[in-house]
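Open the model in your viewer and keep the selection tool handy. The stops below go one by one.

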Amino acid sequence: MTEGTPKKLVELKDLQLYFNKGKSNEVRAIDHVSFDIYEGEVFGLVGESGSGKTTIGRTILKLYEPTAGDILFEGKDVTHLKGRRLSEFRKNAQMIFQDPQASLNGRMKVRDIIAEGIDINKLAESKADRNQKVQQLLDLVGLNKDHATRYPHEFSGGQRQRIGIARALAVDPKFIIADEPISALDVSIQAQVVNLMKELQQRHSLTYLFIAHDLSMVKYISDRIGVMHWGKLLEIGSADAVYNHPLHPYTKSLLSAIPVPDPEVEKARQHVDYDTSVETDGKKRDMIEVNPGHFVLATPEEAATYKAAQR
Amino acid sequence: MMAANTEDFVIVGAQSSDANEHIAKPALSFWQDAWRRLKLNKLAVISMWFLIFIMAFAVVSNILVPQKAANSFNSDKVGVYKNLPPNSGLPIPGWDGKIKAPGDNSATDVYASQGVPDGKKFILGTDNIGRSVAKRVIVGLRISLLVAIVATLIDLLIGVAYGVFSGWKGGWIDNVMQRIIEILSSIPNLIIVTMLGLLLGSGVLSIILAIAMTGWLSMARQVRNMTLSLKERDYVLAAKSLGESSTKIAIKHLIPNMAGTIIVQVMMTVPNAIMFEAVLSAINLGVKPPTASLGSLIADAQAMLQFYPYQILIPAVMLVLISLAFILLGDGLRDAFDPRASED
């Protein structure tokens with residue numbers, strides 16, 4: 001993240017998304033979430049399964065309709081975009097999916113998969129131009145050109161994920177939501193994909209929203225981290241602050257669950273249990289800035305305790 | 001520590017990344033690939049050639065055997081030409097113009113006893129008013145195939161469009177559209193056919209419409225179910241987030257991925273339509289005599305099954321073979337269109 005006055009690329013303002021609203025099985029997938037993503041940064045979003053991370057990603061891309069709240073992209077409200085304005089927005093914001101097997105249509109050739117965005121936005125003047133663009137994209141993600149005529153099932157998991165990345169890059173977006181892009185890959189391939197994403201970020205000055213549940217990977221790639229639980233955003237701060245000086249008990253619990261690749265340390269590692277009463281006791285909580293740029297969802301009293309405990 | 005026999009190993013060095021990414025399998029287009037896989041399935045290939053031959057024959061036979069020739073008979077000589085057994089002109093038992101009537105000890109040469117002029121042979125015999133069974137089967141085949149294929153095409157168009165639309169829209173639109181299907185499927189087919197027969201007069205057109213009107217329901221249901229599951233797939237979300245229109249998503253992503261289901265459904269509908277047409281013809285709601293269809297031929301010959309089994313056997317065998325061929329080909333096509341099904 002560049003210092004000075006960083007430009008806000010994406011702003012979420014009090015975003016809410018309730019499924020089955022008003023019914024007995026109402027699910028608060030996103031519950032009053034607000035945060036900003038600055039231009040050029042990688043914002044990591046972590047939390048356990050079902051905490052609403054993916055839903056936030058999809059809501060930003062307008063795949064779900066939010067119940068309330070606003071989404072701003074480059075200062076413009078995109079919450080209720082329709083038609084041509086919407087497709088313009090979608091050229092700027094793209095997504096990389098979790099499961100590379102499921103996110104590629106098995107009936108289409110890699111060339112047509114990657115060129116889908118090119119075709120929709122009519123970015124190619126001719127067939128030759130289209131093929132050339134696809135080839136450049138394949139090259140960018142480290143695949144070779146004769147892969148264009150193949151079907152997705154002929155590729156390995158890491159290769160498929162790179163095809164997914166090429167598809168997202170085809171429309172030359174500014175902002176990419178990476179929805180657990182590495183959790184379906186085996187560990188040897190994870191580094192390959194993450195490093196590719198980092199490299200692409202620098203070359204194309206991209207902004208990422210990196211969704212994951214693997215804290216160590218998120219710390220590696222992110223500038224700032226947001227921690228989610230049960231649809232609420234509990235803590236936001238720079239990667240170092242959240243990782244080294246966690247405030248919220250849930251963050252502490254999450255961090256204590258990371259296995260350490262050292263048998264001696266791992267043996268002594270104690271898992272901190274999370275007491276959910278800090279979320280369920282019904283008190284009103286707001287995001288409070290405990291340290292500069294480091295926010296936590298708490299009552300003023302709790303915030304004071306968190307702050308005191310840091311010393 | 002394990003001591004490795006280092007002399008057994010040869011250092012090959014790191015290969016270039018290009019070589020690592022190489023896929024040795026030759027690149028094939030979708031149709032080449034499908035054709036290659038279809039060829040592996042012998043039964044499907046035989047069925048395909050059989051169906052191609054039958055359809056080509058049905059078209060060509062329009063010139064050789066016009067419907068009139070199959071329907072006309074000489075009313076003065078019904079006694080001479082009626083119920084002649086198949087005669088190939090060669091001394092093949094059961095195909096030499098002789099038939100053993102129930103209760104008899106030996107076969108009689110019916111051609112001689114009914115006084116058929118010498119040299120006049122009916123290769124598949126004649127029916128009870130002296131019309132050539134061969135000609136009638138050829139015409140019947142034509143009508144049955146026409147009814148089945150046209151009805152199935154209408155089925156396909158309405159069923160797939162309705163199913164995809166209903167599944168894709170979801171919510172109350174889906175709810176209403178499914179209730180409509182349920183209401184329609186609760187009306188017995190025969191009532192619809194009878195009503196249509198009254199409206200349009202019985203004939204090929206009203207049968208086609210009747211089969212099409214009732215047949216698309218199961219297609220629509222299946223397609224809708226597939227759509228419901230496919231529309232949640234990540235590649236559909238990816239297409240949506242790229243800004244693809246709903247129509248394009250349906251054509252590029254949904255329908256190709258349910259092609260297997262659709263093809264199987266179609267291949268089942270064709271024999272079903274032929275059978276339904278046969279049933280309708282049998283209860284006088286189908287093609288009007290003297291027009292022949294495979295169904296009406298079977299129905300006509302049913303009464304004389306014990307005396308002249310060939311009259312029912314020949315159209316029945318045709319019906320079975322065509323149905324079987326459609327089903328086997330459908331099976332083969334479903335596997336061939338699925339790139340993931342290839343074993344290599």
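## Stop one: the sheet in chain A

This is a predicted model. Select chain A and find the open sheet of eight strands, ordered E6-E7-E8-E3-E9-E10-E12-E11, with mixed pairing. Now look at its edges, where E6 and E11 (286–291) of chain A stand. Each has a single partner strand, so one side of each lacks a neighbour in the sheet. On average, neighbouring strands here are turned by 20 degrees against each other, direction ignored.

Zoom in on E6(A). Its link to strand E7 (residues 175–179) of chain A consists of four bridges, and the two run parallel. Pick A:Ala93: opposite stands A:Phe175 in E7(A).

## Stop two: helix H11 in chain B

Select residues 234–242 of chain B, which form helix H11. Is this helix largely enclosed or open? Largely enclosed, because seven of its nine residues are buried. Among them are B:Tyr235, B:Lys240 and B:Leu242.

What covers these buried residues? From chain A, the cover includes helix H2 (83–92), strand E6 (93–96), helix H4 (116–120) and helix H6 (157–169). Step just past H11(B) to B:Gly243, whose phi is positive, about 95 degrees.

## Stop three: a loop in chain B

Go to B:Leu285, in the loop between helix H13 (259–282) and helix H14 (294–302) of chain B. B:Leu285 counts as partly exposed because it has 19 C-beta neighbours inside 10 Å.

Conventions. Residues are numbered from 1 along each chain as its sequence is written. Chains are lettered from A and ligands numbered from 1 in the order in which they are written. This is a predicted model: local features need pLDDT of at least 70, side-chain atom pairs count only at pLDDT 80 or more; totals for chains, interfaces and linings use all residues. A residue is buried if 20 or more other C-beta atoms lie within 10 Å of its own, exposed if 12 or fewer, and partly exposed in between; C-beta atoms are placed from the backbone. Two residues are in contact if their C-beta atoms, placed from the backbone, lie within 7 Å. Two strands pair if DSSP finds at least two bridges between them. Axes are lines fitted to C-alpha atoms, for helices over the stretch in contact, and angles run from 0 to 180 degrees between N-to-C directions.
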